[in-house]
Structure formats: structure tokens, C-alpha cells
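Hello,

Please find the structure below, followed by notes on what turned up in it.

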Amino acid sequence: MLICSQFHQEKELTNFYKQVPTKIIIVKIPKNVANTMSSSDLAVISFGMTAYEIAALNIPALYFCISPDHALSASAFVNAGLGISLGLYDNLNDSLVQTELKNMIEKKSEYYGKLKERKLIDGHGAYRTAELIINEFSR
């Protein structure tokens with residue numbers, strides 16, 4: 001679990017960690033976020049830029065959405081097979097989160113297969129966009 005300097009629920013996290021039978025590694029403010037993310041099996045994240053970073057690393061994710069706009073954007077990731085959206089954060093309950101997390105863990109290999117097959121995000125999108133623009137103006 002990757003936590004940043006703005007995370008203020010360490011006591012709650014420690015209590016949760018003690019109750020979970022699965023091994024969870026907690027990394028606070030890592031020096032190299034990309035290395036930490038790339039060593040993950042799956043991500044439970046607030047939808048935003050992190051969703052794109054996790055997708056580029058081919059890691060399936062559960063998305064918490066803090067706004068309707070994020071929920072809409074997350075639906076595109078869900079449709080592409082990149083993860084599962086839990087919807088708006090305000091509407092969540094523990095049961096839903098636990099159920100979807102369990103489903104994600106059970107279907108992890110299915111998600112990995114889809115992600116590795118399709119490689120939707122490869123880090124070269126800006127290059128391809130620039131190439132299209134250059135080609136269009138070169139005519």
C-alpha cells in the first residue's frame with residue numbers, strides 16, 4: 001500500500017492491516033513511486049492521474065471516484081477492461097468494497113491477460129498525436 005504525506009489515517013490503516021489475512025506491504029512516501037507501483041499486483045485507488053499511471057503499468061485497479069466527472073472517466077477504463085469502478089466515494093459501503101476487492105483478487109489473472117494482450121496505454125500517445133498533427137499540416 002502506497003501512502004503519501006497527505007494521508008492522515010495511519011491509526012485506522014494499522015487496525016485494518018492487523019485484521020486482513022492477506023499480506024499487505026505499506027510504503028510511505030517512497031523515493032521512486034513508479035518502482036513501488038510496478039511491483040503491485042493490483043491497485044485500489046482514487047480515480048485520477050494515478051489511474052493512467054497504473055494502466056500504463058498493466059496493473060488492474062479498483063477505482064474510488066470523488067466526483068461525477070471521475071466516475072464518468074472511470075467508466076471508460078472499466079469498458080476497456082482495466083479495472084472496476086466502485087462509483088462515487090460518498091455512496092460506498094464496506095460490504096461493496098470488500099465484495100469487489102475479493103472479485104478482483106479472484107479474477108486477477110483474467111485482468112492481467114486482458115491488459116497484457118491489449119496494451120492500451122504505452123506512453124507514446126503524445127508522439128502519435130504530434131505525428132498526426134505534423135502529417136495533417138504537411139499536406
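Helix α5 holds both E106 and K102, which sit 4 residues apart, about one turn of the helix. The two form a salt bridge, with 3.9 Å between the closest N and O atoms. E106 has a relative accessible area of 54% and is exposed, because the cut-off for that class is over 50%. Bear in mind that this is a predicted model.

The whole structure has 2 salt bridges. In the other pair, the side chains of E10 and K28 meet at 2.6 Å, N to O. This pair links distant parts of the chain: E10 belongs to helix α1 and K28 to strand β2 (residues 27–28), 18 residues apart. E10 is partly exposed at 36% relative accessibility, and K28 is also partly exposed, with a relative accessible area of 43%.

Two or more lining residues come from each of β1 (2–3), α1 (10–19), α2 (33–38), β3 (43–46), α3 (49–56) and α5 (94–106). Which element gives the most to the lining of the largest pocket? That is α5, with 6 residues. Sorted by class, the lining of the largest pocket has 29 nonpolar residues, 12 polar and 6 charged.

Regards

Methods. Residues numbered from 1 in each chain as written. Predicted model: local features only at pLDDT ≥ 70, side-chain atom pairs only at ≥ 80, totals over all residues. Heavy atoms only, no water. Nonpolar A, V, L, I, M, F, W, Y, C, P; charged D, E, K, R; others polar. Salt bridge = Lys/Arg side-chain N within 4 Å of Asp/Glu carboxyl O. Buried < 20%, exposed > 50% of the residue type's maximum accessible area, 1.4 Å probe, protein only.
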